[in-house]
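Welcome! Take a look at the structure first, then try each task before reading on.

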Amino acid sequence: MTHLSMTRRRMAGALALLCVGSPARATMQASMRIEELFAEAYAVGVVKVLEAREVSAGGQPCGARYRGRVEGAIKNTADGALFEFGYVPFLKVGASYLLFLRRYADIPVETAPAFAARCESVLPSAAIVGQWRGAMEVAGDTSSPGQRDRWLIRPPRLVVFPPATRSTLVNGQKHLYLGDLLKRMPGP
């Protein structure tokens with residue numbers, strides 16, 4: 001196992017504790033409705049990851065910082081805007097994601113106060129919501145905003161989508177049409 005993959009595994013464990021509390025609860029994650037992710041997020045948009053770097057403090061991993069550009073504004077975002085977000089180390093540079101973001105300062109950290117105190121200075125102010133479920137990869141080219149209704153979202157595990165959302169199979173995996181999904185979401 002490489003040093004990078006070991007670091008990512010340790011980071012995932014630490015972040016799981018931060019997000020869900022005890023190790024027992026980390027293994028019993030419940031599904032969330034996408035409407036809950038949308039309501040929890042202060043900003044939602046399709047974002048292309050331009051840069052990524054893992055960060056640490058005090059010799060301990062703290063996650064990742066990403067720099068991205070909004071390719072499809074949805075809630076409290078603007079097309080073309082650049083910003084930083086984090087904090088899970090698994091997003092790919094060059095890929096686009098439907099992101100649901102919350103202010104890091106608003107995430108409850110009482111289950112891991114040492115992590116919060118140590119890492120606050122190296123993490124960006126925007127964090128992915130829903131215990132990382134708020135980052136859904138977009139399949140295909142997102143450089144044409146006029147084609148947004150045709151963009152496909154690869155749904156993550158443990159997220160429940162509206163039952164009638166239009167979908168298609170891509171390499172045997174179900175993908176949802178972003179335009180149809182947005183029609184079923186509450187207003188921004």
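## Exercise 1: Confidence

This is a predicted model; its chain averages a pLDDT of 81, and 81% of the residues score at least 70.

**Task.** Find where in the chain confidence is lowest and where it is highest.

**Solution.** 
- Step 1: Helix 2 (residues 23–26) has the lowest confidence, with a mean of 38.
- Step 2: Strand 2 (residues 43–57) has the highest, at 95.
- Step 3: Where pLDDT is low, predicted coordinates should not be read in detail.

## Exercise 2: The chain as a whole

**Task.** Work out how many helices and strands the chain has, and what percentage of its residues count as buried.

**Solution.** 
- Step 1: Count the elements. The secondary structure comes to 5 helices and 11 strands.
- Step 2: Look at burial. The chain has 188 residues, of which 44% count as buried.
- Step 3: Look at contacts across the sequence. Among contacts with a separation of 6 or more, 63% are between residues 24 or more positions apart.

## Exercise 3: The disulfide

**Task.** Name the two cysteines joined by a disulfide, then say whether the disulfide is left-handed or right-handed.

**Solution.** 
- Step 1: Find the pair. The structure holds 1 disulfide, and it joins C62 to C119 with an S to S distance of 2.0 Å.
- Step 2: C62 belongs to strand 3 (residues 60–75) and C119 to helix 4 (residues 113–119), so the pair ties together parts that are 57 residues apart in sequence.
- Step 3: About the S-S bond of C62 and C119 the torsion is about -75°, so the disulfide is left-handed.
- Step 4: Check burial. Both C62 and C119 are buried.

## Exercise 4: The nonpolar cores

**Task.** Find which element gives the largest share of the largest nonpolar core.

**Solution.** 
- Step 1: Meet the core. The largest nonpolar core has 21 residues, and I34, L37, V44, L98, F100, M136 and F161 have the most contacts inside it.
- Step 2: List the contributors. Two or more residues each come from helix 3 (34–40), strand 2, strand 5 (96–103), strand 7 (135–139) and helix 5 (178–183).
- Step 3: Pick out the main one. Helix 3 gives the largest share of this core, 3 residues.
- Step 4: Zoom in on one member. Not counting residues up to four places away in sequence, V44 touches F38, A73, I74, K75, T77, L98, L99 and F100.
- Step 5: Look beyond this core. Another core lies apart from it, with 16 residues that include A43, V49, Y97 and I128.

## Exercise 5: Around E71 and T142

**Task.** Decide whether E71 is buried or exposed, and find the side chain with which the side chain of T142 makes a polar contact.

**Solution.** 
- Step 1: Locate E71. This residue is found in strand 3.
- Step 2: Compare with the cut-off. Buried means under 20% relative accessible area, and E71, at 10% relative accessibility, therefore counts as buried.
- Step 3: Apply the cut-off again. T142 sits in the loop between strand 7 and strand 8 (152–153), and its 6% relative accessibility also makes T142 count as buried.
- Step 4: Find the polar partner. The side chains of T142 and S96 make a polar contact at 2.9 Å.
- Step 5: Gather the neighbours. Setting aside residues within four places in sequence, T142 is in contact with V46, E71, S96 and W151. With the neighbours within four places again left out, the contacts of E71 include V46, K48, D79, S96, T142 and W151.

## Exercise 6: A histidine in a strand

**Task.** Find which residue's backbone oxygen lies 3.0 Å from a polar side-chain atom of H175.

**Solution.** 
- Step 1: H175 is found in strand 11 (residues 173–177).
- Step 2: Check its burial. With a relative accessible area of 1%, H175 is buried.
- Step 3: Name the partner. The backbone oxygen belongs to Q173.
- Step 4: See what else H175 touches. Leaving out residues up to four places away in sequence, its contacts include A139, L152, R154, R166 and V170.

Key:
Residues are numbered from 1 along each chain as its sequence is written. This is a predicted model: local features need pLDDT of at least 70, side-chain atom pairs count only at pLDDT 80 or more; totals for chains, interfaces and linings use all residues. Side-chain values use heavy atoms; hydrogens and water are left out. A disulfide is a pair of cysteine sulfur atoms within 2.5 Å. Helices (H or I, at least four residues) and strands (E, at least two) are DSSP runs, numbered from the N terminus. Buried means under 20% relative accessible area, exposed over 50%, partly exposed in between (1.4 Å probe, protein chains only). pLDDT is the predictor's confidence in each residue, from 0 to 100. Contact means heavy atoms within 4.5 Å. A nonpolar core is a set of buried Ala, Val, Leu, Ile, Met, Phe, Trp, Tyr and Cys residues joined through side-chain atoms within 4.5 Å. A polar contact is a pair of N or O atoms within 3.5 Å; within protein, one must be able to donate a hydrogen and the other to accept it, and residues adjacent in sequence count only if both atoms are side-chain atoms.
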